[in-house]
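Dear colleague,

I am handing over the structure below, and I would be grateful if you could look through it alongside the notes that follow.

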Amino acid sequence: MQQFVGAIDQGTTSTRFMVFDHDGTEVGRHQIEHEQILPRAGWVEHDATEIWRNTQTVVAEGLKAAGVSARDLAAVGVTNQRETTVVWDRRTGEPYANAIVWQDTRTADLARRLDEDGSGEVIHARSGLPPAAYFAGGKLHWILHNVEGVREDAEAGHALFGTIDSWLIWNLSGGPDGGTHVTDVTNASRTMLMNLEELDWDDELLEIFDVPRRMLPTITPSSIEFARTTADGPFGAEVVLAGNLGDQHAALVGQACFEPGMLKNTYGTGNFLVLNTGTEIVRSENGLLTTVAYQFGDEPAHYALEGSIAVTGSAIQWLRDQLQVFDDAADSESLAETVEDNGGVYFVPAFSGLFAPYWRSDARGAIVGLSRYNTVAHVARAALEAICYQSKDVVDVMVEDAGIELEVLRVDGGITQNELCMQIQADILDIEVSRPVVAETTCLGAAYAAGLAVGFWSDTDELVRNWSESKRWTPQWDDERRREGYRQWKKAVERTFGWVD
């Protein structure tokens, strides 16, 4: 009997494979980092061949760690860094160039031109996304116009485009020997090329970005049997590939946020808040992204609002590495606990501008409100509060856009182990904050999508029952402290505007 489900999680810095049992409990894993290629300022690339090689290794080693074989797996899911763009030759399986990573800004000028010529309104209306260097469509446009031979091969049907999910699935299912070329609705919704209502590639958007349709993958639901691995691949046998979600969407599923109004916040280098808006497409009036949350089988797609914050956990790393305030990031909690409050200090970590909801590229980081009274402990506490205040900035506009009342925030990611930070988050938001037992919600979400497709789990109600809470934080601040703290935070944010001329 097949008792387990596997999941490949291909992230920005590493690739891992995990195995879960029917209760959603981790059975085993293996993980490998890959090189970050930085050819010039603002450019970030990955070697897609290295990522495929690492994927083969983590699958083999992850199965060993779990003590299972491919025959024990009911299905496998895939989750991935979302907008990272690969173009490869279907005849040889070789990429034409390094993958362009979601962080890469080489297409910023293209995004500005699209806004200026009026195309931005069409892109936003059709795809739910504003023109930005962040998304995959501009990266594909750049490759088509700057990498020799790609345009000709694309027109001839030889060049294939995909985000990392498509690249891995194609290789896992045979590569040049009949590999399946697909993506799912969540990844496709991050390209600026998919029509958000029709869930298919949009001809007008393809024309704007000058992209041949024949190089694009087929768009499928997030949970459906779409391919099988080959017997000579890393699994050593045929295994059903049945789950595919971009990483933040997978975390939403892993957190069992299946009802409209449920919100999760992933705390990492930056923060990513995703709010389930149900089957309704909610257009943001406040700078948030409208995206597909997930689609299970032939059910209607669920949509989401997303708010991204550039610098949260990386501000703690900055205090550790650049200012050497402490030796370990975990020490930020014990240091901040030595003071009762921030002592009037506010830290706005706008190191590369501010993302949602401000979208101010002219902002830069600032620590304000300092006096002789203050110590590094106040600065450490202000850094933790900055993580939480930035999240409040996004939560407030999400609630306004979606017209909902938020009752609880589900959290995941490394910073959630900092219990003081999570308590501050509850205090600032004035809602309860809940952390699950299984912290690897991204991998778990991909596993859930795969398991649902093959009947390993019967429905989402079963996944909701699987979800269990590790800890919950309840607000403790009074209303006056909460109001005054946020008023001072907003004043501090304004001080960062206009620093870059």
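A polar contact here is a pair of N or O atoms within 3.5 Å; within protein, one must be able to donate a hydrogen and the other to accept it, and residues adjacent in sequence count only if both atoms are side-chain atoms. The model is predicted, so that local features need pLDDT of at least 70 and side-chain atom pairs count only at pLDDT 80 or more, while totals for chains, interfaces and linings use all residues. Residues are numbered from 1 along each chain as its sequence is written, and side-chain values use heavy atoms, with hydrogens and water left out.

Asp9 lies in strand S1 (residues 4-10), strands being DSSP E runs of at least two residues and helices H or I runs of at least four, numbered from the N terminus. Asp9 is buried, with a relative accessible area of 7%, where buried means under 20% (1.4 Å probe, protein chains only). The side chain of Asp9 makes a polar contact with that of Arg16, at 2.8 Å.

Finally, strands S16 (residues 271-278) and S18 (residues 302-309) run antiparallel and are joined by 7 bridges; Gly278 has Tyr303 in S18 as its bridge partner.

Best wishes

Methods: Buried < 20%, exposed > 50% of the residue type's maximum accessible area, 1.4 Å probe, protein only. Pairing = 2+ DSSP bridges.
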